[in-house]
Structures are given as C-alpha cells and as structure tokens.
Amino acid sequence: MLDINSLMGKMKEAQQNIKKTQEEMGSLSETAESGGGMVKATVNGNKKIIKIYIDPEIISKEDKQLIEDLTVAAINLALSKIETKTKDLMQNSVMDGMPNIPGLDLNNLKF
C-alpha cells in the first residue's frame, strides 16, 4: 500500500528539485551550426538565443536569403539540441526518487 505521507514528502521534494533544476537550466547552453559553420547559433536552457555568429565571407557576398536561411537553420538546430538536454536534466533530477504510480505519466511535461 502506498504511504500518503511518504508520497506527499516525495512531491514536495520534487517541487524543490524542479525549482533548482529550472535555475540550472539557465546555465546550460548549446551551439549548432549550418552551412558548414558559416552561421552558428547558441541558445541557453531557457531557450533564449544568446549568440549568433555569421562568417564575414558570406556577408561580403551580400546573399541576404542565404544568410537568413542559414541563421534560421542554426537556431532551430540549437533549440532542438537544448530541448533534449533540458528534458534529460529534468528527467534525471526531478523524477529521481519518485515512486512509480500506475497511470501517472510525467514524461511529457514541458518545463
């Protein structure tokens, strides 16, 4: 039988872990590139763009559409990579020690 007091303690612990993990996410970063490194985008764990690098050689070509396309590709790839990293962090730190409750699936939570 499931001890309700134990479960409540685990839930409180999970809330504290969520808060701590959300703070840690801000220090995570992920960089992705497109166009063979001509454009690089860096995002943090809060899914904010923190740096964009554009190779000066493509700027001199004045190929506006190419620069826009490569920038979007790099940003989207960086966001995809940080999504995986933050999901893993939340899964490992917040759910650690939580009892397995049949029918309760917390794997799809968004943070």
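The model is predicted: local features need pLDDT of at least 70, side-chain atom pairs count only at pLDDT 80 or more, and totals for chains, interfaces and linings use all residues. Residues are numbered from 1 along each chain as its sequence is written, and side-chain values use heavy atoms, with hydrogens and water left out.

**Confidence**
- The protein chain has a mean pLDDT (the predictor's confidence in each residue, from 0 to 100) of 81, and 81% of its residues reach 70 or more.
- Among the elements of the protein chain, the highest mean pLDDT, 93, belongs to strand 1 (residues 29-34), and the lowest, 81, to helix 1 (residues 4-25).
- Helices (H or I, at least four residues) and strands (E, at least two) are DSSP runs, numbered from the N terminus.

- Three strands form an open sheet in the order 1-2-3 with antiparallel pairing, where two strands pair if DSSP finds at least two bridges between them.
- Strand 1 and strand 3 (49-54) are the edge strands; each has a single partner strand, so one side of each lacks a neighbour in the sheet.
- Strand 1 and strand 2 (residues 39-44) run antiparallel and are joined by six bridges.
- E33 stands opposite K40 in strand 2.

- E30 lies in strand 1.
- Beyond its neighbours within four places in sequence, E30 is in contact (heavy atoms within 4.5 Å) with A41, T42, V43, A78, K81, I82 and K85.
- The side chains of E30 and K85 make a polar contact (2.9 Å); such a contact is a pair of N or O atoms within 3.5 Å and, within protein, one must be able to donate a hydrogen and the other to accept it, while residues adjacent in sequence count only if both atoms are side-chain atoms.
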